[in-house]
Amino acid sequence: MPELRTWLREPVAGIVRRHNEPAVVQTFRSTAAATISYVVALHLIDSPAPPLTAPLTALLVVQVTLFSTLTTSVRRVNSVVVGVLIAIGFSALVGLSWWSLGLIILASLVIGRFVRVDEFVPEVAISAMLVLGVTQVTDTAWDRVLETLIGAVVGLLFNFLFVPPVWVEAAGESIEDLGRRMRRLLLRIGEELTSPTPVERAAARLHEARRLDNDIAEVDAALRQAEDSLRFNPRVKEGLLHRIVLRTGLDTLEICAVVLRVLARTITDLAKERREEDLFTHEVGVALEELLAHVADTLVSFAVLVTTQTSASADAAEERLTGELAAARTSRDKAADLLLQDVQRLPRHWQLHGALLTEIDRILDELDMDHRSRRLMEELDRHTRERREKRPRLSALRDWLWGRTPRRGSPVR
């Protein structure tokens, strides 16, 4: 028994520690909604067969975020109802056999393409098979339709009464982790500029830079989760602003990751040309190492800024980023002067020196506060314009109710 308790304690403790993760929250929410829908169906439907379609529909309808629930529930309910109706027709005509099962699957998949359930076409066939398996009586099959509606209503009410959490914090942590990974790579690259660098080592840094694409894809998935959690969420007053701040922040880091990959390629090409000598003179190497260290710190400061929620913390993060950008530009000018002297003394491979400096300039330009403010304003204007063009009357009514007139917005972070 002590061994069993020890064996169980770690998984349970892990679940408790991960209680805020989407998969854990979704597990408990789906379980609760399905159980409630089953109990409700038992009390409302007098049927000899267990009302399993109700918890099935609740499982399909309840999503991690309120937005995904609202946007997918109609298609999910439609797919289940269509499957039930197909099963009713088959139950009235034929029994359950291997050929009738094949026919109902074929019919469900074909009809599902025409009823606009999109990615839920397989669920039409699944629902039809479940209903055909538990009943072959038409009157009882109609109970399955009622069970479906009960499960859908319970799933929707569950998300309205117990509003899903906002996943902005998790997305923010992912963005900050991405910034720190980019920082570590820049520091490693800078440390290798003051000594002979084998081509293999420079190529390894290039592969690390290329692997950032996978990290960005993971962060993008977390950000999409956060964006959905902000939509239609009564806890969030400025959901659009939060979404744009995070999305544009990730876009900027993605651009910087691309430039970082080009920078690593430039150093790899330089290492190929200078196999038996240092990449730079000691003085230039030290200056570039210092410059890359400042750029690395600037990336982290930028990531912290775009993920900061409170105004006071945002002001501190903005001040820190401004200071890092100023230090990076000062260091850049110093490195540029030394690179120019180095090229004048030894013009060989001057184009790689210039490319290296250009790539650093591009990263600093992307992280510049003025550039970011313009980008935020452009995105806000674009979203507002698209919303007004798509629903002009609704937008006008919303503005009238809130007693405001359209404006171009105030400075945002």
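User: What makes Arg320, Leu321 and Glu324 contacts of Ser301?

Analyst: This is a predicted model, so "contact" here is a matter of distances computed between its atoms: heavy atoms must lie within 4.5 Å. Once neighbours within four places in sequence are set aside, Ser301 meets that test with Arg320, Leu321 and Glu324. Ser301 itself sits in helix 11, residues 282-307.

User: Why is Ser301 called buried?

Analyst: The cut-off for buried is under 20% relative accessible area. Ser301 has 6% relative accessibility, so it counts as buried.

User: Why are helix 8 and helix 11 called roughly antiparallel?

Analyst: Two packed helices are described by the angle and the distance between their axes. Here the axes of helix 8 (residues 168-191) and helix 11 cross at roughly 180° and come within 8 Å. Angles over 145 degrees count as roughly antiparallel, and therefore this pair gets that label.

User: Which residues of the two helices meet?

Analyst: On the helix 8 side they include Gly172, Ile175, Glu176 and Gly179, and on the helix 11 side they include Glu289, Leu292, Ala293 and Val295.

User: Which residues of helix 5 are buried, and what puts them on the same side?

Analyst: The buried ones are Ser100, Ile104, Ser108 and Gly112. They cover an arc of only 95° around the axis, and that's why they end up on the same side of helix 5. The face turned away from that buried side carries exposed residues: Trp98, Leu106, Arg113 and Phe114.

User: Why does Ser108 count as buried?

Analyst: Ser108, which lies in helix 5, has 0% relative accessibility, so it counts as buried. Not counting residues up to four places away in sequence, Ser108 touches Ile86, Val124, Ala125 and Ala128.

User: And what makes Ala128 buried?

Analyst: Ala128 is at 0% relative accessibility, which is why it counts as buried too. You'll find Ala128 in helix 6, residues 121-134. Beyond its neighbours within four places in sequence, Ala128 is in contact with Gly83, Ala87, Ile104 and Ser108. Take Gly83: it is 45 residues away from Ala128 along the chain, yet their C-alpha atoms are separated by 4.2 Å.

User: Why is helix 3 called largely enclosed?

Analyst: Count its buried residues: 7 of the 9 in helix 3 (residues 53-61) are buried, so the rest of the structure largely encloses it. The buried ones are Thr53, Ala54, Pro55, Thr57, Ala58, Leu60 and Val61.

User: How do you know that the span of helix 13 is close to the expected one?

Analyst: Helix 13, residues 350-367, has 18 residues, and at 1.5 Å a residue 26 Å is expected. From first C-alpha to last, helix 13 reaches 27 Å, which is close. Its buried residues include Leu352, His353, Leu356 and Glu359.

User: What makes His353 buried?

Analyst: His353 has 2% relative accessibility. The cut-off is under 20%, so His353 counts as buried. Its contacts, leaving aside neighbours within four places in sequence, are Leu270, Arg274, Phe280, Leu339, Asp342 and Val343. His353 and Asp342 are 11 residues apart in sequence, and their C-alpha atoms are 9.4 Å apart.

User: Zooming out, how many helices and strands does the chain have, and what share of it is buried?

Analyst: There are 15 helices and 0 strands. Of the chain's 413 residues, 45% count as buried. Among contacts with a separation of 6 or more, 79% involve residues 24 or more positions apart.

Conventions. Residues are numbered from 1 along each chain as its sequence is written. This is a predicted model: local features need pLDDT of at least 70, side-chain atom pairs count only at pLDDT 80 or more; totals for chains, interfaces and linings use all residues. Side-chain values use heavy atoms; hydrogens and water are left out. Helices (H or I, at least four residues) and strands (E, at least two) are DSSP runs, numbered from the N terminus. Buried means under 20% relative accessible area, exposed over 50%, partly exposed in between (1.4 Å probe, protein chains only). The arc is that of the directions from the helix axis to the C-beta atoms. The expected span of a helix is 1.5 Å times one less than its number of residues. Axes are lines fitted to C-alpha atoms, for helices over the stretch in contact, and angles run from 0 to 180 degrees between N-to-C directions. Angles under 35 degrees count as roughly parallel, over 145 as roughly antiparallel, 65 to 115 as roughly perpendicular and the rest as oblique.
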